Amino acid sequence: MTALTDLTVAGIRDGVRDGAFSAREVAEDFNAAVASAKALNAFIIETPDHALAAADAADAARSAGTLKPLSGVPIGMKDLFATAGYQTTAASHMLEGFVPPYDATVAGKLFEAGAGMLGKLNLDQFAMGSSNETSYFGNVVSPWRRNDGGNASLAPGGSSGGSSAAIAARIVPAATGTDTGGSIRQPAAFTGISGIKPTYGRCSRWGIVAFASSLDQAGPMARDVRDCAILLEAMSGFDPKDATSLDLPVPNWEALLSSDLKGKKIGIPKEYRVEGMPAEIDALWERGIAMVKDAGAEVIDVSLPHTRYALATYYIIAPAEASSNLARYDGVRYGLRDLPDGANLQDMYAATRAEGFGAEVKRRILIGTYVLSAGFYDAYYTKAQRVRALIARDFEQAFEQCDLLLTPTAPSAAFALGEKNDDPLAMYLNDVFTVPASLAGLPAMSVPAGLDEKGLPLGLQIIGRPLDEQGVLNAGLAIEQRAGFSARPKQWW
Amino acid sequence: MSVDAATVRKIASLARIAATEAEVEAMVPELNNILGWIEQLSEVDTSGIEPLAAVIPNTLRLREDKVTDGGIREKVLQNAPQAEHGFFAVPKVIE
């Protein structure tokens, strides 16, 4: 029999419903898997009691005939989502010990749908990073290792690196992620799992620790496309508490899944063929093109001429919004307070923020403060907003010719921990393929499509028109079925 | 444009982040490296392009003008580093 921890979300849901096993058994097995995987450092806190309570509720609901969409399914929660009664840190010293009295809207929706929580997952501090190395609680270690005999610890991607590592290691069946410039898609690609960032506004941002508000979007990460569809349905929906939430019905994405791409046109943006991209990534992309053709799609070349300016645009806009959002951490209302002897209020602010923020967070706050400061605002921030408009227009024009775009998710496989630490710019360049869709607010997902020569997973990215999550999921499913990705990391933890 | 130590000290002060001299010195080249890189945007012709603030068209909503929460003082204060008499407490700000 398949181990319960090898089941997908759909498998657990259906098995509990059919009585093949109890939700309690599922929760106990995952709790044990979580407890035995400390070497991955994927969790900041474990919450086995929450998972067990939800499981018992699911088993009772089955007897009563009142099962909910996620009854019996335990998940991991990125520690950027506020969870009532459970510490929520954003992987920062600033919020260490912060216990919110409320649930983030998305977390509440998942619990309301019957899901239990296995724990709060590690991430880059305030979601700022691409490798999980900026966490105050130590970096997550990817469960994957190169097949070259070395034991180099690899980055699980970031910022949702606890989520990606835990899913790949099969210690959670699925998890929440958030994506500001690629923080769902890049870690999914690095660990051989799937993840979707929906259209900006689909998921409420309320109760998610804010990074860059015009970009932040929650989304699910899981082992396959169907599971992403199931979870996204539970996470999406209008929320009056978020001014940018879209007041639209939530489609029944799972029921409408179809890997038949007949009649679909898929664009290949030539600007994504960047200099220095490994031949393996190019070959993977070619295989992806063959897969969507095999599924019935027509493939055409398109151009997104401002792609090369996306990263610089992002690294003005995101730090600017971060410097504003993170002004709230003042040592007064919640979080850390550092009050040196004899200090006045201003000294307290400065000491608290010096102590509570890590180096990368400070770097971004300072960049953001600089580009927003008097005399520089127009040259940097307004200019970046104008280029952002051009990047969004590129996509609009491409979508006049095609329905979806297919690109690699990241320019390389997972790198080793420490490899890009000394150079913030080298780390930023890792987001080159994911940032443009974020700037345009478009739905985009990564699906695993193959392994590189060192045995590490590589992902392909599908980008869709605003609100066309269905098209993105369907193309993802077509690739998933043809790629037949079944590799999993060998257990060493 | 590039920054020097005095500018970094000023930005850090605006951002209310205390920084030692050594930290300021270390940040000067780091920030200049990043600022030099984002400088490339100046080569993009953006004349006649409106700055984009909201990516997905959405309208601001009005709601009924009535109280929707409140009465949760204890919850509001429960994470405060220092709360006194039902208020957030801070160091003395008046001499």
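What pattern does chain B follow, read along the sequence? Chain B runs α-α-α-β-β. Its secondary structure comes to three helices and two strands. Helices (H or I, at least four residues) and strands (E, at least two) are DSSP runs, numbered from the N terminus.

This is a predicted model, in which local features need pLDDT of at least 70, side-chain atom pairs count only at pLDDT 80 or more, and totals for chains, interfaces and linings use all residues. Residues are numbered from 1 along each chain as its sequence is written, while chains are lettered from A and ligands numbered from 1 in the order in which they are written.

## The two chains

Chain A has 15 helices and 11 strands. Its radius of gyration is 21 Å, close to the 23 Å that the globule rule gives for 493 residues, so chain A is as compact as a globular protein of that length. Chain B has a radius of gyration of 23 Å, but a compact globule of 95 residues would have one near 12 Å. The radius is taken over C-alpha atoms, and the globule rule is 2.2 Å times the number of residues to the power 0.38.

The table sets out both chains. A residue is buried if 20 or more other C-beta atoms lie within 10 Å of its own, exposed if 12 or fewer, and partly exposed in between; C-beta atoms are placed from the backbone.

| Chain | C-alpha span along principal axes | Buried residues |
|---|---|---|
| Chain A | about 65 × 55 × 50 Å | 60% of 493 residues |
| Chain B | roughly 55 × 45 × 25 Å | 14% of 95 residues |

In chain A, 77% of the contacts with a separation of 6 or more join residues 24 or more positions apart. Two residues are in contact if their C-beta atoms, placed from the backbone, lie within 7 Å.

## Where the chains meet

Chain A brings 55 residues into contact with 40 residues of chain B. On chain A, helices H9 (310-325), H10 (345-356), H11 (359-372), H12 (377-398) and H13 (424-428) each supply at least two residues of the side that touches chain B. H12(A) gives the most to that side, with 10 residues. By class, the side has 34 nonpolar, 13 polar and eight charged residues. Ala, Val, Leu, Ile, Met, Phe, Trp, Tyr, Cys and Pro count as nonpolar, Asp, Glu, Lys and Arg as charged, and the others, Gly among them, as polar.

One helix pair spans the two chains. H9(A) packs against helix H2 (residues 21-38) of chain B at an angle of about 125°, with their axes 9 Å apart. Axes are lines fitted to C-alpha atoms, for helices over the stretch in contact, and angles run from 0 to 180 degrees between N-to-C directions. H9(A) and H2(B) are therefore oblique to each other. Angles under 35 degrees count as roughly parallel, over 145 as roughly antiparallel, 65 to 115 as roughly perpendicular and the rest as oblique. A:Ala312, A:Tyr315 and A:Ile316 of H9(A) meet B:Ile34, B:Trp37 and B:Ile38 of H2(B). This contact has six nonpolar residues, no polar and no charged.

The largest nonpolar core has 174 residues, and A:Ile75, A:Val292 and A:Ile316 touch the most other members. H9(A) gives this core its largest share, 10 residues. A nonpolar core is a set of buried Ala, Val, Leu, Ile, Met, Phe, Trp, Tyr and Cys residues joined through C-beta atoms within 7 Å. Leaving aside neighbours within four places in sequence, the contacts of A:Val292 include A:Leu261, A:Leu406 and A:Ile479.

## The enclosed helix H7

Helix H7 (residues 225-235) of chain A has 11 of its 11 residues buried, so it is largely enclosed by the rest of the structure. Just after H7(A), A:Gly237 takes a positive phi of about 130°.

H7(A) and helix H15 (residues 469-483) of chain A cross at roughly 160°, and their axes come within 9 Å. That makes H7(A) roughly antiparallel to H15(A). A:Val225, A:Cys228, A:Ala229 and A:Leu232 of H7(A) meet A:Glu469, A:Leu473, A:Gly476, A:Leu477 and A:Glu480 of H15(A). Their classes are six nonpolar, one polar and two charged.
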